[in-house]
Amino acid sequence: MSISREEVLHIARLAELDVVEEALPTLVEQMSRILDYVAQLNRLPTGETARPYVAGPDAIAFGPKQLAPAFRDGFFVVPRLEAFDDGGAV
């Protein structure tokens, strides 16, 4: 899929970007490659076998409880620094 010079300029205007004339050929080529990649991704089969990636503790191979000895209410529990116990003196 290719994008035209005019479409790149239209997108730049919508994004309130100032594009110099010399950069247009490069932008057209790069945006066309991005659209080709997205089209390629859209052709991939989806369904039960391919779950979408969701970032966060549930996305890692093992849960956060295995990463730290203390994990409570969605947070890692760490020991308090001594510098904070005596009023901040280091």
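Which residue forms a salt bridge with R5, the closest N and O atoms being 2.7 Å apart? That residue is E21.

## Basis of the model

This is a predicted model, in which local features need pLDDT of at least 70, side-chain atom pairs count only at pLDDT 80 or more, and totals for chains, interfaces and linings use all residues. Residues are numbered from 1 along each chain as its sequence is written, and side-chain values use heavy atoms, with hydrogens and water left out.

## Packing of the two helices

Two packed helices are described by the angle between their axes and the distance between the axes. Here helix α1 covers residues 5-14 and helix α2 covers residues 24-42; helices are DSSP runs of H or I with at least four residues, numbered from the N terminus. Their axes come within 9 Å and cross at roughly 95°. That makes α1 roughly perpendicular to α2 (angles of 65 to 115 degrees). Axes are lines fitted to C-alpha atoms over the stretch in contact, and angles run from 0 to 180 degrees between N-to-C directions.

On the α1 side, R5, V8, L9 and I11 meet L24, L27, V28 and M31 of α2, where contact means heavy atoms within 4.5 Å. The residues of this contact divide into seven nonpolar, no polar and one charged. Val, Leu, Ile and Met are among the residue types counted as nonpolar, and Arg is among the charged ones.

R5 is partly exposed, with a relative accessible area of 33%, and E21 is partly exposed at 46%. Partly exposed lies between buried (under 20%) and exposed (over 50%), with a 1.4 Å probe and protein chains only.

E29 and R33 form a salt bridge at 3.5 Å, N to O. Both lie in helix α2, four residues apart, about one turn of the helix. E29 counts as partly exposed at 38% relative accessibility, while R33, at 54%, counts as exposed. Elsewhere, salt bridges that share partners join R5, E6 and E21 into one network.

Methods
Helix = DSSP H or I, 4+ residues; strand = E, 2+ residues; numbered from the N terminus. Parallel < 35°, antiparallel > 145°, perpendicular 65-115°, else oblique. Salt bridge = Lys/Arg side-chain N within 4 Å of Asp/Glu carboxyl O.
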